[in-house]
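I wanted to go through this model one item at a time and jot down what turned up. Here is what I had open on the screen.

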Amino acid sequence: MTFRSHMAAALEEAKSAALRGEVPVGAVVVSPAGEIVARAGNRTRELSDPTAHAEVLAIRAACAALGSERLVGHDLYVTLEPCAICAGTIAAARIARLYYGAADPKSGGVAYGARVFSHPQAHHVPEVYDGIRASEAETLLKSFFAMRR
């Protein structure tokens, strides 16, 4: 099977989130066959829910669609390095591979901060690939916050 990135779809979700006034982060869950099974953008403000991050929403939707609490063999594409909450959710869902765009030195939970997957109590550690279309994700985030200042 040839590798095909799905970061473009995650970036679409991030742009949609920005249009709703949410921090522009988008995520998609991809099946082992390479099909997008769920997609989401941040909705923390809209839902008044601090856990309504793109990754959590996409994982919830994928689990509901598949009727399982585990997403063994599935990939997750997200435009920003997951925070500790999202990294914990990724581990609990048994995501096989995590692909993310921009690094998040302030709130990241993978390469920065909590480094959830490096912790000895991590139940599952996905393969992690960073920097996927990072400049596009960074530009989207910087533009969003520049408009808010």
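**Ground rules.** This is a predicted model, so I kept in mind that local features need pLDDT of at least 70 and side-chain atom pairs count only at pLDDT 80 or more, while totals for chains, interfaces and linings use all residues. Residues are numbered from 1 along each chain as its sequence is written, and side-chain values use heavy atoms, with hydrogens and water left out.

**Core.** I looked up the largest nonpolar core and got 37 residues. Such a core is a set of buried Ala, Val, Leu, Ile, Met, Phe, Trp, Tyr and Cys residues joined through side-chain atoms within 4.5 Å. Buried means under 20% relative accessible area, exposed over 50% and partly exposed in between, with a 1.4 Å probe and protein chains only. Val29, Ile59, Leu71, Leu76, Leu98 and Phe117 have the most contacts inside the core. At least two core residues come from each of helix H1 (7–19), strand S1 (26–30), strand S2 (36–41), helix H3 (54–66), strand S3 (75–80), helix H4 (84–93), strand S4 (97–102) and helix H5 (134–148). The largest share, six residues, is from H3. Helices here are DSSP runs of H or I with at least four residues, strands are runs of E with at least two, and both are numbered from the N terminus.

I then checked Phe117, skipping neighbours within four places in sequence. Its contacts (heavy atoms within 4.5 Å) include Ala87, Ile90 and Ala91, as well as Leu98 and Val110.

**H3 and H4.** How are H3 and H4 packed, by angle and axis distance? I read off about 25° and 9 Å. Axes are lines fitted to C-alpha atoms, for helices over the stretch in contact, and angles run from 0 to 180 degrees between N-to-C directions. H3 and H4 are therefore roughly parallel, a label for angles under 35 degrees. On the H3 side I found Glu55, Val56 and Ile59, which meet Ile85, Cys86, Thr89, Ile90 and Ala93 in H4. By class that gives six nonpolar, one polar and one charged residues. For the classes, Ala, Val, Leu, Ile, Met, Phe, Trp, Tyr, Cys and Pro are nonpolar, Asp, Glu, Lys and Arg charged, and the others, Gly among them, polar.

**H1 and H5.** This pair packs at about 5° with axes 11 Å apart, so H1 and H5 are roughly parallel too. Leu11, Ala14, Lys15 and Ala18 of H1 make the contact with Glu136, Ala137, Leu140, Phe144 and Arg148 of H5. I noted six nonpolar, no polar and three charged residues there.

**Leu11.** Leu11 sits in H1 and is buried at 5% relative accessibility. Beyond neighbours within four places, Leu11 touches Thr79, Arg133, Glu136, Ala137 and Leu140.

**Loops.** Ser48 lies in the loop between H2 and H3 and is exposed at 67%. Pro50 is in the loop between H2 (44–47) and H3, exposed at 64%. Arg94, between H4 and S4, also has a positive phi, about 65°, but counts as partly exposed at 23%.

Terms used:
Angles under 35 degrees count as roughly parallel, over 145 as roughly antiparallel, 65 to 115 as roughly perpendicular and the rest as oblique.
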